[in-house]
Amino acid sequence: MQRPDWAPDTIDIERPSVARMYDYYLGGSHNFAADRAAAQAMVAAVPEAPLMAQANRAFLRRAVHHLSEAGIRQFLDIGSGIPTVGNVHEIAQQLDPRSRVVYVDVDPVAVAHSREILAGNEQAAVVQEDLRHPEAILAHPDVRKLLDLSQPVAVMVVAVLHFVSDDDRPAELLGTLRDALAPGSYLVLSQASDDGRSEDERAEAERVYRRTDSPLSIRSRAELTALFDGFELLDPGVVWVPEWRPDTPESAEDAERAVFMGGVGRLGD
């Protein structure tokens, strides 16, 4: 397979990447044959996967809009993925051009394209780092330069925790981030859940993602709720993402086919 100009030499284009599979679900063009084959296998197992990737993106948009209206002007988006329409900085800076955003992703394609998009935007930056290394994220010069951690920050961990295994102690990772935040900060969290799914669907989804660089760790609503430790959940709590403050009652109707659960929590004063 010929390597396109935008693909860094360091990446293996023959192995599926979860970031590029997600790009495919969202209708993007920064993916390879291996990514498309794995994504299509996932769709065969869970036909709603592309629809729910779009629903998860809409959840992110609604959450950023809500937090911007609540006065948040700083966002740390960890596991931001390959840029597509409706990035955090587009939403937040449309509401207030002073909003500052730092994107974090481990995937070099996602980072390279984010840098292209953010060129000339002094209020936004991108860092190549892993959620599994929260201390490195918090200490990164670009994070320290752009975000004032003594003031409220919204930490976005959207559609990424299902790639963090229990062995990586996700509660501790989030706790490290929480302990670095000022009162009035927020955590926006979503991940794949198996609530209401059959064992066959779960097993097939896990089988597909074992082909990638990030196997799945699917969690229940109770497990995801527990990860908001230290935060006060906003209504309606942890729900299927179409149900989280939908734009219209009709837009929540896809909840019964949802793959992702999510919620937003506030760090008390």
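These legends accompany close-up views of one predicted model.

The model is predicted, so local features need pLDDT of at least 70 and side-chain atom pairs count only at pLDDT 80 or more, while totals for chains, interfaces and linings use all residues. Residues are numbered from 1 along each chain as its sequence is written, and side-chain values use heavy atoms, with hydrogens and water left out.

**View 1. Helix 3 from end to end.**
Helix 3 covers residues 49-69. Helices are DSSP runs of H or I with at least four residues, strands are DSSP runs of E with at least two, and both are numbered from the N terminus. Helix 3 has 21 residues. From its first C-alpha to its last, helix 3 reaches 30 Å, close to the 30 Å expected at 1.5 Å a residue. That expected span is 1.5 Å times one less than the number of residues. Gly71 follows the helix. The phi of Gly71 is positive, near 105 degrees.

Asn56 lies in helix 3. Asn56 counts as buried because its relative accessibility is 1%. Buried means under 20% relative accessible area, exposed means over 50%, and partly exposed lies in between (1.4 Å probe, protein chains only). Leaving aside residues up to four places away in sequence, Asn56 touches Tyr22, Val158, Ala159, Ser190, Val241 and Phe260. A contact means heavy atoms within 4.5 Å.

**View 2. Val64 and its contacts.**
Val64 also belongs to helix 3. Its relative accessible area is 0%, so Val64 is buried. Residues up to four places away in sequence are again left out, and Val64 touches Phe75, Val88, Ile91, Ala92 and Met156. Ala154 is 90 residues from Val64 along the chain. Their C-alpha atoms are separated by 8.5 Å.

Strand 8 spans residues 260-267. Seven of its eight residues are buried, so strand 8 is largely enclosed by the rest of the structure. Phe260, a contact of Asn56, falls within this residue range.

**View 3. The pairing partners of strand 8.**
Two strands pair if DSSP finds at least two bridges between them. Strand 5 (residues 186-192) pairs with strand 8 in the antiparallel sense over seven bridges. Here Leu189 has Gly263 as its bridge partner. Strand 6 (residues 231-233) and strand 8 are antiparallel too, over three bridges. Glu232 stands opposite Arg266. Strand 7 (residues 239-240) pairs with strand 8 over two bridges, also in the antiparallel sense. Trp240 has Met261 as its bridge partner.
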